[in-house]
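User: I would like to learn how to read helix packing and sheets in a model. Can we work through this one?

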Amino acid sequence: LLSTTNLSCPPSLTHFLAFFPPLTPLFPPLTPLFPPLTPLFPPLTPLFPPLTPLFPPLFPLPCFILGQFRERIQDVLTLLPAQHDHFLLRWLRARNFNVNKSEAMLRKCLAVVQMVSYHGVCSQVIEKYLSGGMCGYDREGSPIWWDVIGPMDPKGLFLSASKQDFIKSKIRDCELLQRECDLQSERLGTHVEAITMIYDVEGLGLKHLWKPAIDTYGEILTMFEDNYPEGLKRLFVIKAPKLFPVAYNLVKHFLSEITRNKIIILGANWQEVLMNYIDAEQLPAAYGGKLTDPDGDPRCRTKIHYAGTVPTSYYVRESVKVDYEQCLTVSRGSTQQLEYEVLFPGCVLRWQFFSDGADVGFGVFMKGKLGERQNAGQMQEVLPSQRYNAHLVPEDGSLTCSEPGVYVLRFDNTYSIFQSKRISFTVEVLLPAMTVFKKSKS
């Protein structure tokens, strides 16, 4: 091996370099034009010592609040479906870690659940004709709840059962899903806290926009938000018709922004997208998977209930009580017209009315200008005028406005020469939702 001490130039190279003198610099060293700068001021001395944080780091804070929350609910802790920290944190997060509000929310939920348990099972008609059911698990082990909207008969259900029956049924379903989440947590060794929902809205029609049904559904959504915080992982809407934006616009104000952001509207490739979240073995064959009932039924009817029209034999009332917004009087031998301007197609005109004492004629027409009175023969007939026994059973209805214009609701009492009619009514123009829905990227 060579070492650096043995390295030297060859003799021939040394003799060659000796012929040249050392290099002389062409220029002398540069002299600075200015002397070094002297600071005008001495270094600053801090007026105050370093700040000491008023609070410790944030990460121990939730632990402290969780302990405080647990202490506050000791008297009802054993009544909860779970007592672990993950479950209690759901209530704190739902109320931004405000212990007082979280405690009030939890105690209210317990009162609601206990009330349902005390009042027993749901009515027979709800059991037979309300759709939905738990079927399968998503890829993360969360239970899947299905709602099949199209075949449902809202008016038949409400004429056969009370609003409390509906709410009680949905609370029972929520409790069932909560227990299933707990069982899945034990099976998988992880915390399963939220569910996946799938809404099949094929066949959604005007009958589903019936005001008493929408109002009750809104109460159910509010109940779910208030009593089952963070219980929803995601909600898929499949087979949505053109009317869906109108229906969604009626209920979206019942939902928090967090919940609205979990709604995913799927298009024509909905089966492909569902398979990204759900194994084929957990998805009913009717929806593109491989799951069937033991008898081979691809719709899994033993788990998902598909509703239908409620027979009139179940009806316990002729009508549902409605609070009307306005009143008018139609004099004998005359008519009254109500005008509503629709600015773009796709809106829904919805009405309910009751006549005091006798029947009344009713029809819907369309004209070009707002405020210009025309008789029935001068306007375009949209819904033929006919007489309704609205003094016996309140009348309700709706229509989809296929084109913009002025729609006229016309009450007709021209056939009555002795009796005027007092009409109580509510009329609404329902707009499609302008919200940009969350779309699946798959």
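User: Start with the helices. In which hand does H7 pass H8?

Analyst: This is a predicted model. In it, H7 crosses H8 in a right-handed way. The axes of H7 (residues 163–188) and H8 (residues 211–227) lie 10 Å apart, at an angle of about 35°.

User: Which residues of H7 and H8 meet?

Analyst: Start with the general idea. An α-helix has 3.6 residues a turn, so residues three or four places apart point the same way. Now the case here. H7 brings Lys-163, Phe-166, Ile-167, Lys-170, Ile-171 and Cys-174. From H8 come Thr-216, Glu-219, Ile-220, Met-223 and Phe-224. By type, the contact holds 7 nonpolar, 1 polar and 3 charged residues.

User: Next, the sheet. What is the strand order?

Analyst: Strands of a sheet pair through backbone hydrogen bonds, either parallel or antiparallel. Here the sheet is open, with 5 strands in the order E1-E2-E3-E4-E5 and mixed pairing. On average, neighbouring strands are turned by 25° against each other, direction ignored.

User: How many bridges join E1 to E2?

Analyst: There are 3 bridges, and E1 and E2 (residues 143–148) run antiparallel. For Gly-133, the bridge partner in E2 is Trp-146.

User: Last, H3. Which of its residues are buried?

Analyst: Take buried as under 20% relative accessible area. In H3 (residues 85–94), that covers Phe-87, Leu-88, Leu-89, Arg-90, Trp-91 and Leu-92. Look just after H3 too: Asn-96 has a positive phi of about 55°.

Key. Residues numbered from 1 in each chain as written. Predicted model: local features only at pLDDT ≥ 70, side-chain atom pairs only at ≥ 80, totals over all residues. Heavy atoms only, no water. Pairing = 2+ DSSP bridges. Helix = DSSP H or I, 4+ residues; strand = E, 2+ residues; numbered from the N terminus. Axes fitted to C-alpha atoms, helices over the stretch in contact; angles between N-to-C directions. Buried < 20%, exposed > 50% of the residue type's maximum accessible area, 1.4 Å probe, protein only. Left-handed = near helix turned anticlockwise from the far one by under 90°. Contact = heavy atoms within 4.5 Å. Nonpolar A, V, L, I, M, F, W, Y, C, P; charged D, E, K, R; others polar.
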